[in-house]
Amino acid sequence: MIRRIDHVSIAVRDLENAKRFFCGVLGGRELYTATEAGEGFRWTAIGLGSSCALELIDPVGEDSFLHRFLDRRGDGAHHVTFQVNDLGDARATLEARGVPTFGYNDADPNWKYFYVHPRHAFGVLLQFAELDPGAWTEALAPAIAATPQGTVTSSAQEFTPEQIAELTALVEPDRFSVGASNRELHARDISPHRGELPAGVIWPLTTGEVSAILAWCSDNDLPVTPWGAGSSLEGNPVPVRGGLVVDLTRMDRVLDIRPRDLQVDVQPGVLRKELNRRLGRHGLFFPPDPGADATIGGMIANNASGVQTVRYGSTRDNVMRLVVVLPSGDVIHTGTRAHKSSAGYDLTRLFVGSEGTLGVVTEATLKLTGLPAHHLAATVPFETLEGATEAVAAMIGSGLDPAALELLTPGIIALMNREAGLGLAEAPSLFCEFHGVSEAALAETAATAEDLCRQCGALSFRSGIDRKARAELWRARHEALETIQRAHPGKETVIVDVAVPISTLPEMVVFSQEQVDAAGVPGFVFGHAGDGNCHVVLVGDPADEDEWVRIEDLNQRVVGRALELGGTCTGEHGVGIGKRRFMAAEHGLGYELMRRIKGLVDPKGILNPGKIFPD
Ligand SMILES: Cc1cc2nc3c(=O)[nH]c(=O)nc-3n(C[C@H](O)[C@H](O)[C@H](O)COP(=O)(O)OP(=O)(O)OC[C@H]3O[C@@H](n4cnc5c(N)ncnc54)[C@H](O)[C@@H]3O)c2cc1C
């Protein structure tokens, strides 16, 4: 019945102002504006890019139907339109299932519609519309020409023989390939997002080589995408315009460990686990810990973090200095080896999290931490999900300083039990870890944590887990995503990665679980609760349009609630391709400033195009 989600409507207070923002600032195109005097509202349709349309509605009259039917809570997305093949049929189907419809309108030759106001979709109205085929898409098509500054227009899936000769001359011949398998290996990360097969892959060894490669791409107006371990979850390293992939994995030297400064200089291709193995000999480690064995360059580019962020911070908090090659081929140094500096803009933190869209990191100085002398892990099942999330806020609020505080819901625990034989209670649970200088200090911490958890409805508090069992537990937690994927062969996963202020985590997690239960798709809620990061892993088949629409809708609703709570659409996985559509809502005018920075640093838009910003 439903073909696809066609557009999202947003209620605004001042239509003209809203139009100025979406057309002027975000580069949208006004399609048409109308005043519906009878119904008491004015509206306009704005085309954004080639496939996204927004409808801005100003319900000027107090008794307009929007006021009557919507549970209005200030400005926000108000209704979602589903385009259907046959409006009459869609209406009859819904009515037959006991879903009342209203507002039926078939007076306009170009489009007919009706509304549904499902009680569970708080504040959101569903509109089912049958459009004159092509009317909407034709109106949107010219917007493709409005290429934003800093977005490359060229695309390359094959290099010419001259280009191959020139690229081969920049490195040794065995470090440049146009072979099909190498190109395919650099076309996909772990996400369902697809791009364009790159024309070739190159493996530099030095900053000088990276500089020559980027200068060559700039001279030839060719897209170029940096590549680490390819373990991203949002299409971050997936080339969307073919071109050249710069694989940094052979730049994998640990250059200088300085234990007395608690610092290390590395090349970007060194893998996190190998680095920590080498640092362990000095009693040190680099704490940011995404589940995968990522490269340091990929972690810097995505601002990766993980289970220990609650205590040690994200990658951004642990990077001091970078060497970066700009798209022009120029080499800059950002930051210093001093622990503090007030010298101007913080360029290091601009490049951290820029997902390879501003420059290629070729060297980094990382901040290190001493390996903890003693560990204590605990597993804590709760009566309710609310209780588990409240215990998180209570432990953080009491200054317990956990090293990890992970929340898991019964569905994911059941899968982990099945795979790893953990024998855990299949109840909403926390996995906690504490680091301390002595066993006595840890015992005191555990007693306080247990007390707080029991006040929030903990069913038990199992601590004192031995080293082997602790390693098993964390291995199973790190492999949660793979476990879900293995349990659903042939399916794709969409990962919601919202983060919210810690006090609102209970509301966020409960809302997410309710949405999963209502949507009727396999979904698993868990996350790095200690830093307010809530993941919802949704499983489905993109070929099943109905299921995929429900998944995308759920994704949108969970992100929408996170933004309402003052949070973010991505706590750690980055924007890549998958989270681009939430950026304007999260950042407003700040998103335009980001786009200008991109245009300034990369005026030709050659570096990792189509990431963070629309292609
Ligand atoms: C099972 C699993 C669990 C995961 N769990 C987490 C988690 O808990 N937390 C988390 O944060 N992430 C997690 N991830 C995602 C992923 O591991 C991280 O985002 C990681 O930082 C990606 O690093 P990479 O080396 O694979 O980089 P890639 O995926 O190859 O690239 C990532 C981005 O960095 C850019 N890039 C790579 N190298 C450079 C460079 N030298 N200079 C400039 N740009 C560069 C790429 O263009 C791309 O935009 C998980 C992934 C998997 C598979």
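Biologist: Is I213 buried or exposed?

Modeller: Buried, with a relative accessible area of 0%. Buried means under 20% relative accessible area, exposed means over 50%, and partly exposed is in between, using a 1.4 Å probe and protein chains only.

Biologist: What does I213 touch, leaving out residues up to four places away in sequence?

Modeller: I213 touches L170, V171, I202, P204, L244 and V246. Contact means heavy atoms within 4.5 Å. Take L170: I213 and L170 are 43 residues apart in sequence, but their C-alpha atoms are 6.9 Å apart in space.

Biologist: Before we go on, what are the ground rules?

Modeller: This is a predicted model, so to speak by the record: local features need pLDDT of at least 70, side-chain atom pairs count only at pLDDT 80 or more, and totals for chains, interfaces and linings use all residues. Residues are numbered from 1 along each chain as its sequence is written, and side-chain values use heavy atoms, with hydrogens and water left out.

Biologist: OK, the whole chain then. How many helices and strands are there?

Modeller: The protein chain has 20 helices and 26 strands. It runs to 615 residues, of which 54% count as buried.

Biologist: What share of the contacts comes from residues 24 or more positions apart?

Modeller: They account for 69% of the contacts with a separation of 6 or more.

Biologist: And the surface?

Modeller: The protein chain exposes about 25900 Å², and carbon and sulfur atoms supply 52% of that. Accessible areas come from the Shrake-Rupley method with a 1.4 Å probe; for residues, only the protein chains shown count as cover.

Biologist: Which polar atoms come up against it?

Modeller: A backbone N or O atom of P226 is 2.7 Å from an oxygen atom of the ligand. S231 uses a polar side-chain atom, also 2.7 Å from an oxygen atom of the ligand. At S305, a polar backbone atom is 2.5 Å from a nitrogen atom of the ligand. The protein buries 96% of the 970 Å² that the ligand exposes when taken alone.

Biologist: Switching topic: which residues are buried in α3?

Modeller: In α3 (residues 87-96), L87, A90 and L94 are buried. Down the axis of α3, its buried residues fall within an arc of 65 degrees, so they line one face of the helix. That arc is taken over the directions from the helix axis to the C-beta atoms.

Biologist: Why would that spacing work?

Modeller: An α-helix has 3.6 residues a turn, so residues three or four places apart point the same way.

Biologist: What about the ends of α3?

Modeller: At its start, a side-chain oxygen of D86 comes within 3.0 Å of the backbone nitrogen of G88. Just after α3, G98 has a positive phi of about 80 degrees.

Biologist: Last one: what joins the side chains of T570 and D497?

Modeller: A polar contact of 2.6 Å. A polar contact is a pair of N or O atoms within 3.5 Å; within protein, one must be able to donate a hydrogen and the other to accept it, and residues adjacent in sequence count only if both atoms are side-chain atoms. T570 itself is buried, with a relative accessible area of 14%.

Note on methods
Helix = DSSP H or I, 4+ residues; strand = E, 2+ residues; numbered from the N terminus.
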